[in-house]
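Please open the structure in a viewer and keep the selection tool at hand. The stops below are given in the order in which they may be selected.

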Amino acid sequence: MELNSLVNWILPVVLAVVILLLLYMYGTWTYTKWHKYNIPGPAPVPFLGNMIDIWKKGLFNASLDWRSKYGKTFGVYFMRDAMLLTNDIDILKEVFVKDFSNFSDRSQIPRRPLNYPINHSLPFENGDNWRRMRHTMTPTFSTSKLKLMGPYINRCCDNLSSALQRLSEKRELADVKRIFGAYTMDVIAGTGFGLKTDSLLDENNLFLKALTNMFQNTSSMSWRSVLLSLFPFLRRISNFSRLVKLLPSRYSLSTE
């Protein structure tokens with residue numbers, strides 16, 4: 001009787017310890033990558049990697065701190081994914097010029113799930129689809145095409161200067177993020193769509209509202225996206241459930 005009660009007590013404990021050990025191994029087994037290649041970098045936290053520093057300081061400030069400690073090139077972990085950060089000019093030339101064809105895939109940084117067609121845009125595509133889109137868009141940024149964009153960009157610069165001048169005359173504080181965000185959207189509207197906009201004067205423009213909503217909806221990160229990043233196999237279940245919702249009623253799965 002005592003033996004049975006002892007077994008009944010020990011078995012759940014052993015099972016819990018094994019599960020915790022397996023979870024720990026799953027959350028840390030990718031963290032040896034940069035050590036193998038003798039690449040310096042901050043110590044990661046199980047499952048989260050170096051995301052805590054990024055959430056606290058922001059990617060830019062965290063990168064500056066890491067650069068001062070580890071040099072121009074160092075390795076970090078976004079959740080369980082290894083990322084190499086560098087501002088070494090020679091390495092950047094190799095990646096973006098000489099061996100550019102070998103660096104087409106985009107990193108799967110946790111983010112809010114994207115809707116069509118944003119999920120198939122150049123910044124979020126991978127592999128052969130990314131190469132095809134990049135090859136199609138490259139002529140758009142030739143020297144002659146960039147010269148044609150000059151008048152649109154110059155007009156946006158004039159609008160920006162006028163906005164800063166108005167603020168200076170009124171001695172008002174400038175919301176730098178809002179001002180340069182509006183300037184960026186005006187440049188996109190002009191060079192990409194041939195539209196003449198002034199976001200700082202006409203904030204109710206339908207195109208600008210749609211563009212603002214698109215960036216807001218794709219820039220933040222939810223707990224759902226974090227969970228999918230930690231456990232990639234859940235993406236299949238998530239994609240399947242979303243697919244079922246899109247099916248017409250006659251193809252829906254019946255629970256009756």
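Helices (H or I, at least four residues) and strands (E, at least two) are DSSP runs, numbered from the N terminus. This is a predicted model, in which local features need pLDDT of at least 70 and side-chain atom pairs count only at pLDDT 80 or more, while totals for chains, interfaces and linings use all residues. Residues are numbered from 1 along each chain as its sequence is written, and side-chain values use heavy atoms, with hydrogens and water left out.

At the start of α5, select Asp 88 and Asp 90: a side-chain oxygen of Asp 88 comes to within 2.9 Å of the backbone nitrogen of Asp 90.

Step back to Asn 87, in the loop between β2 (81–86) and α5. Asn 87 is partly exposed, at a relative accessible area of 31%.

The core has 9 residues: Met 51, Ile 54, Ala 62, Trp 66, Phe 74, Val 76, Phe 78, Met 79 and Met 83. Two or more of these come from each of α3 (51–57), α4 (59–70) and β1 (73–78), and β1 gives the most, with 3 residues.

Now display Lys 57 and Asp 65, which form a salt bridge with their closest N and O atoms 3.1 Å apart; the rule asks for a side-chain nitrogen of Lys or Arg within 4 Å of a carboxyl oxygen of Asp or Glu. The count by this rule is 1. Both partners are partly exposed, Asp 65 at 30% and Lys 57 at 39% relative accessibility.

Which residues line the largest cavity? Select Cys 156, Asn 159, Leu 160, Ile 179, Ala 182, Tyr 183, Asp 186, Asp 198 and Leu 200. Helices α7 (143–170) and α8 (176–193) each supply at least two residues of this lining, and α8 gives the most, with 4.

How values were computed:
A polar contact is a pair of N or O atoms within 3.5 Å; within protein, one must be able to donate a hydrogen and the other to accept it, and residues adjacent in sequence count only if both atoms are side-chain atoms. Buried means under 20% relative accessible area, exposed over 50%, partly exposed in between (1.4 Å probe, protein chains only). On a 1 Å grid over the protein atoms alone, a cavity is a set of points where a 1.4 Å probe fits but cannot get out, and a pocket is an open set with protein on both sides within 12 Å along at least five of seven lines; lining residues have an atom within 4 Å of a point. A nonpolar core is a set of buried Ala, Val, Leu, Ile, Met, Phe, Trp, Tyr and Cys residues joined through side-chain atoms within 4.5 Å.
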